[in-house]
Amino acid sequence: MSHDDASASTSPRSAFSFRGRVASKGPGPASTGNIANVITVVRILMAPLFIAWLLIDDGADGSLRVWAAALFVVAILTDSLDGMLARGLDLVTDFGKIVDPIADKVLIGGALVSLTILGELPWWVTALILVREIGITVYRFAVLRDRVIPASRGGKIKTVLQAVAVTLALFPLWNVVGEGMHWVNGVLMTAATVATLVSGADYMRVALKHGKAGA
């Protein structure tokens, strides 16, 4: 789900409630169990199946790997769908702001770890990205009592770059277009890693700024 910039501070609502609007626009609050949030949760549940198919294939570039890559793409596309529904039907909730970025991290993090296990991605790339992602998630929960921090613009750009890089790394396109695809994958993964670190530094800058303002 795309939300406002991370620097925006919003007070969390009194409680997550399943009473309210589920799939329609209108007066009154949106239910935590609304259609956009359900899609987000389903995205998280897709991750174990995708990871299992990828690891069972064991780098053989067979049909299971293609199915795993296709499922990853479907799951990633639901990120745009739940965001569109949340904004279009005014179903944005604090639960969605928290869980949506986590869903992306679970899916992409699972893909990166799996590619590392298969020996197709250096461990330090996965480590750098995961440290950033876990760190920002912990920070979000640490300040949850005071405010909900939605995904920033930089964070969404980072997620798009990660999604594109991982998608191309998952599909065995080198069997179709040649070994040069490995070079393309390396460039895209480098760009995704840089964007991940830059957006993480931006979150830290905002956090320090907020801390000074609070002090």
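Biologist: What share of the contacts in the protein with a separation of 6 or more comes from residues 24 or more positions apart?

Modeller: Happy to start there, with a note that this is a predicted model, in which local features need pLDDT of at least 70, side-chain atom pairs count only at pLDDT 80 or more, and totals for chains, interfaces and linings use all residues. Residues are numbered from 1 along each chain as its sequence is written, and side-chain values use heavy atoms, with hydrogens and water left out. Taking contact as heavy atoms within 4.5 Å, the share for residues 24 or more positions apart is 76%.

Biologist: Which order do the elements of the protein follow from the N terminus on?

Modeller: Helices (H or I, at least four residues) and strands (E, at least two) are DSSP runs, numbered from the N terminus. The protein has seven helices and zero strands. From the N terminus on, the order is therefore α-α-α-α-α-α-α.

Biologist: Is Leu-71 buried or exposed?

Modeller: Leu-71 lies in helix α2, residues 63–88, and touches Met-46, Leu-49, Phe-50 and Trp-53, leaving aside residues up to four places away in sequence. Buried means under 20% relative accessible area, exposed over 50%, and partly exposed in between (1.4 Å probe, protein chains only). Because its relative accessibility is 16%, Leu-71 counts as buried.

Biologist: How many Å apart in space are Leu-71 and Ala-47, C-alpha to C-alpha?

Modeller: In sequence, Leu-71 and Ala-47 are 24 residues apart. In space, their C-alpha to C-alpha distance is 8.7 Å.

Biologist: How are α1 and α2 oriented, roughly parallel or roughly antiparallel?

Modeller: Helix α1 (residues 35–57) packs with α2 at an angle of about 165°, and their axes are 9 Å apart. Axes here are lines fitted to C-alpha atoms, for helices over the stretch in contact, with angles from 0 to 180 degrees between N-to-C directions. Angles under 35 degrees count as roughly parallel, over 145 as roughly antiparallel, 65 to 115 as roughly perpendicular and the rest as oblique. So α1 and α2 are roughly antiparallel.

Biologist: How many charged residues does the contact of α3 with α4 have?

Modeller: Helix α3 (residues 94–117) and helix α4 (residues 123–142) pack at about 160° with axes 10 Å apart, which means that α3 is roughly antiparallel to α4. Residues that meet there include Ile-98, Leu-112 and Lys-105 in α3, and Trp-123, Arg-132 and Glu-133 in α4. Ala, Val, Leu, Ile, Met, Phe, Trp, Tyr, Cys and Pro count as nonpolar, Asp, Glu, Lys and Arg as charged, and the others, Gly among them, as polar. By class, this contact of α3 with α4 has nine nonpolar and four polar residues, and the number of charged residues is four.
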